[in-house]
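User: I would like to learn how to read a structure like the one I have open. Could you take me through some features step by step?

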Amino acid sequence: MRDGMSESLRVAIIDDDAAMLRVLEKHLVKAGYEAKTFTDPLEATDAVTKGCFPIVITDICMPGLSGLDLLKSIRDNSPYTTVICITAFGSVSSAVEAMHAGAYDYISKPFNLAEFSLVVNKAAERYTLHREVEQLRDQLQQKYSMSNIIGKSPAMLRIFETINRVARSQANVLITGRSGTGKELVARAIHFNGDRAARPFVAVNCSAIPEDLLESELFGHVRGAFTGATADNIGLFCAAEGGTLFLDEIGDMPFSMQAKLLRVIEDHQVRPVGSAVRKTVDVRIICATNKRLDVAVQRGEFREDLLYRINVITVSIPELHERVEDIPLLMEYFLHKYAEQMGRSVPDVPRETMDILLRYPWPGNVRELENVIERSLLMCSGDAVKPGDLPLTIRHYEPALDLQSIENARLSMRDLESRYVAHVLKKTGGDYTEAADILGMSVDDLKVKCGNVPFDRTLSLPGLKP
Ligand SMILES: Nc1ncnc2c1ncn2[C@@H]1O[C@H](COP(=O)(O)OP(=O)(O)OP(=O)(O)O)[C@@H](O)[C@H]1O
Ligand SMILES: [Mg+2]
């Protein structure tokens, strides 16, 4: 076993020279690796493209399938496999080609075993390092995530706690939060971490179903109950039997339906439209809304008695701009998610890019962040997400200077003046004459204020805070 390794690494070697394979295999096993040899490259393809060998060593020149083709199919199917190519004596071009096609390293025939060990050990070390990084990332995610909900802000940690606590209870839960904050994700987490997890989770968007259909959608109907009811329909309550019914956008439920829902929650019985028979149902209700239901109650749009029934426990998810510390973690999470989907490596996020993302107010919350990251990953060609890869609206976002935020930032008159000058210059595209006109000062005075430096619209002005 190699130093520091608790399990032996699996290495596949592919070469049509059986005698050579035996020598290499013996050598690898002695060095603590688990080696598997293949003389037939086609047979090997199947095994090595499944990703079960962290290291693959293949001859380039073989009958049947060339090592380069094998290398390409490994690249496509198992991006984390490290490939070492064995190239023919003196063939620089095939070595170059192999490296271009994504080989990690190559070794030229003839080679001695010490040389061979060196290359393989280097690859093994790289693999182990990668795995350690992955493990650290997993730990990070386990610590700050729950059923794919990511967050480390105090607010999110409290939400994880609440989910754990309420998942085991049968209490009805109301989840509130603006669009894209993760309400449905939380609803699913409550269901899938509780003892109803093996039973259905049925989601219904109350605002998406026309008023006259909602009753039969929820409670079902019998055949002939109304025109178009050509067959019995069990309804969503019965479909969720034993599980959870997620009523999304409950604030949009028509007033008349609210009374019917209240009755079902109180009696645990539904009566399908057109039927005289009531059925007993065992369903947990989780509701979500992006409206203030207390305000809706005051306006007479939402029944107060229903509100009491559905919000035995309330989970309020804050907006993303109120928990900025979650942004880097969410970003890391989405970068991994989409990089993996696209089969590419995860790019870095330099400080400049991160600053822009942290400053933006994210009106569409986590959903918007997720979309922006997916999009930026498509735009970004290198190994870092540059500010230029971000959408213009985000890159050019400037916080509005209202009097309250000026006061909050404790801006002095001088700071304020500088910022306004910079703002106007930016808006006029660096045209001093036009800017001076707006600012009500002479062009000369303006130039003196800016230190006589020509305006570069991409940079902030000298001496001015951005
Ligand atoms: N904390 C989070 N961690 C990871 N992904 C999240 C988080 N919050 C939201 N998302 C993702 O953002 C998207 C929107 O989440 P979700 O649909 O749960 O929001 P919502 O509050 O129900 O939005 P809406 O009010 O628009 O229906 C989903 O793709 C979800 O996976
Ligand atoms: Mg939703």
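This is a predicted model: local features need pLDDT of at least 70, side-chain atom pairs count only at pLDDT 80 or more; totals for chains, interfaces and linings use all residues.

User: Let's begin with helix packing. At what angle do helix α13 and helix α15 pack, and how far apart are their axes?

Analyst: Two packed helices are described by the angle between their axes and the distance between the axes. Here, α13 (residues 327-342) and α15 (residues 365-379) pack at about 45 degrees, and their axes are 9 Å apart. The two helices are therefore oblique to each other. As for handedness, α13 passes α15 in a right-handed crossing.

User: Which residues of α13 and α15 make the contact?

Analyst: On the α13 side you will find I327, L330, M331, F334, L335, Y338, A339 and M342. Facing them from α15 are V366, L369, E370, I373, E374 and L377. Sorted by class, the contact of α13 with α15 has 12 nonpolar residues, two charged ones and no polar ones.

User: Let me try another pair. How do α6 and α7 pack?

Analyst: Good practice! Helix α6 (residues 154-167) packs with α7 at an angle of about 40 degrees, with 8 Å between the axes. That makes α6 and α7 oblique to each other, and α6 passes α7 in a right-handed crossing. I159, I163, V166 and A167 of α6 make the contact with V186, A189 and I190 of α7. By class, this contact has seven nonpolar residues, with no polar and no charged ones.

User: And are α2 and α3 roughly parallel or roughly antiparallel?

Analyst: Start from the angle: α2 (residues 41-48) and α3 (residues 67-77) pack at about 15 degrees, with their axes 10 Å apart. Angles under 35 degrees count as roughly parallel, and α2 and α3 are therefore roughly parallel to each other. Their crossing is right-handed. In this contact, P41, A44, T45 and V48 in α2 meet L70, S73 and I74 in α3. The residues divide into five nonpolar, two polar and no charged.

User: Now the ligand. How many residues surround ligand 1, and which are the closest?

Analyst: There are 17 residues around ligand 1, and the closest are S179, G182, K183, E184 and V366.

User: Which elements and domains supply the shell around ligand 1?

Analyst: Among the elements, β7 (149-150), α7 (183-192) and α15 each supply at least two residues. At the domain level, domain 2 (151-316) and domain 3 (324-395) each give at least three residues to the shell.

Key. Residues are numbered from 1 along each chain as its sequence is written. Chains are lettered from A and ligands numbered from 1 in the order in which they are written. Axes are lines fitted to C-alpha atoms, for helices over the stretch in contact, and angles run from 0 to 180 degrees between N-to-C directions. Helices (H or I, at least four residues) and strands (E, at least two) are DSSP runs, numbered from the N terminus. Angles under 35 degrees count as roughly parallel, over 145 as roughly antiparallel, 65 to 115 as roughly perpendicular and the rest as oblique. A crossing is left-handed if the near helix is turned anticlockwise from the far one by less than a right angle, and right-handed if clockwise. Two residues are in contact if their C-beta atoms, placed from the backbone, lie within 7 Å. Ala, Val, Leu, Ile, Met, Phe, Trp, Tyr, Cys and Pro count as nonpolar, Asp, Glu, Lys and Arg as charged, and the others, Gly among them, as polar. A residue is near a molecule or strand if its C-beta atom, placed from the backbone, lies within 6 Å of it. Domain bounds come from an automatic or database domain assignment.
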